[in-house]
Amino acid sequence: MLGIPTHLAPRVNAWSTVRAFHAAAIGSLVAAAITLVLFRIDDPRVGVVPAVVALLPMLAMTAVHVQFSTRRSAVAFLAVGGVCAWWFSVVVLHEVPVPWVASYLLSLVVVPLVLVGGAGAVPGRVVLWSVGGLLVGRVATSLATLQTGGPEHPLVLAWFTLAFVVAIVLVAGRTTRRSQRVQPELLRSAREEHASAYRAGVELEASAVLHDTVLNHLGAITLAADGPMDAQLARMVESDVAMLTGSEWLAPAPETDAGAAVDAFEHMLDQERAEGLEVLMTGDPAAMDRLEPGTVTALVRAVGQCLANVRKHAGTDSAEVSVFDDGVACTVMVVDDGRGFDEQQTGADRMGLRNSVRERIGRVGGDVQVWSSPGTGTSVMMTVPFGARTGVVQVADGVAS
């Protein structure tokens, strides 16, 4: 019951208990039929077929009541079950000469009347219907006893079943009350954990955005020649400042016309080319239009960071970007033939690959693999799953540089 909304927990618990009672009732009828068959095998003179036939309507009405679980189906079950119990009892008392076997069989046919219960799953009503079922069964077996002239049977198993039902309902009620006291604390903890996870995700994304914009551009300014700032770099810095001072980077990307994801991806590539990096585009970038908005944003920013790393660290002025679609996920590879590196030797303060690529792709359910070693170049493969929808996205300008 933990995790179920407080107002639903009692009914869910009672409903589960009632379903278990229904299964036990069917088991009782099956056990009665098997016992009759075994007794018939032991003594071929005993006629048990009418008694077995009497169990079939009870099985059918049990299935009907399990399906509908209304007050009418409960009354119909007790009515049909009472008649079947009487019919079954008459045959058993007439054909089975062993008293303890007859008593056991009569109890087995009354037990379903006790267990099946009534309409709804309110604990108190379950007990009342169980008592009513026992009374119906007691009347049916008593009439059969008067008709056959045999001794009265105590139906011990049926009484134990009623006691079991009452005990289960009492224990379930106590458990429900205990869970209702604990549930608010669990829900509060779940809300706090969700809020904490959301806050951590926002902080990580903010750190990645700052790295992709401010830190990259500061590095570019540091490496630039003396004199006025390059016009392209100035426009990119201005665009990034406008983005950082607003809250658009926190909001989900809105849906727009088809091809918006590809346009955003190509715009990012054009920015890298304007920075002096020769970028060769291969594959099918149209696959990105099938990604969800947040996934596209993360993927475009991560690819942009990979290309920025090529410009700053690879010692080469060219890179290849390939897009693949395998029907399940979109994969983008960024490959360069630069100096390469050992990722294990990367300092903790170097956030580009770790935060702006790995963690960013991980937050949208994707995966990143890196192949690199000193002197052999670097290959970064980013794989993100397609969402349930096939809409398009709009990614803000200036998300990567």
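Predicted model: local features only at pLDDT ≥ 70, side-chain atom pairs only at ≥ 80, totals over all residues.
Biologist: What should I know about numbering and atoms here, and which pLDDT do local features need?
Modeller: Residues are numbered from 1 along each chain as its sequence is written, and side-chain values use heavy atoms, with hydrogens and water left out. Totals for chains, interfaces and linings use all residues, side-chain atom pairs count only at pLDDT 80 or more, and local features need pLDDT of at least 70.

Biologist: How many helices and strands does the protein chain have?
Modeller: Both are DSSP runs, numbered from the N terminus: helices are H or I with at least four residues, strands are E with at least two. The protein chain has ten helices and five strands.

Biologist: Is strand S3 enclosed or open, and how many of its residues are buried?
Modeller: Buried means under 20% relative accessible area, exposed over 50%, and partly exposed in between, with a 1.4 Å probe on protein chains only. Strand S3 covers residues 329-336. It is largely enclosed by the rest of the structure, because the buried residues number seven of the eight.

Biologist: Which residue of S5 is the bridge partner of alanine 329?
Modeller: S3 also pairs with strand S5 (residues 378-385), in the antiparallel sense, over eight bridges. The partner of alanine 329 in S5 is proline 385.

Biologist: Are H8 and H9 roughly parallel or roughly antiparallel?
Modeller: Axes are lines fitted to C-alpha atoms over the stretch in contact, and angles run from 0 to 180 degrees between N-to-C directions. Helix H8 (residues 260-274) packs on helix H9 (residues 293-314) at about 15°, with axes 10 Å apart. Angles under 35 degrees count as roughly parallel, over 145 as roughly antiparallel, 65 to 115 as roughly perpendicular and the rest as oblique. That makes H8 and H9 roughly parallel.

Biologist: Is leucine 155 buried or exposed?
Modeller: Leucine 155 lies in the loop between helix H5 (123-148) and helix H6 (156-223). Its phi is near 55°, a positive value in a residue other than glycine. Most residues other than glycine have a negative phi. At 0% relative accessibility, leucine 155 counts as buried.

Conventions. Pairing = 2+ DSSP bridges.
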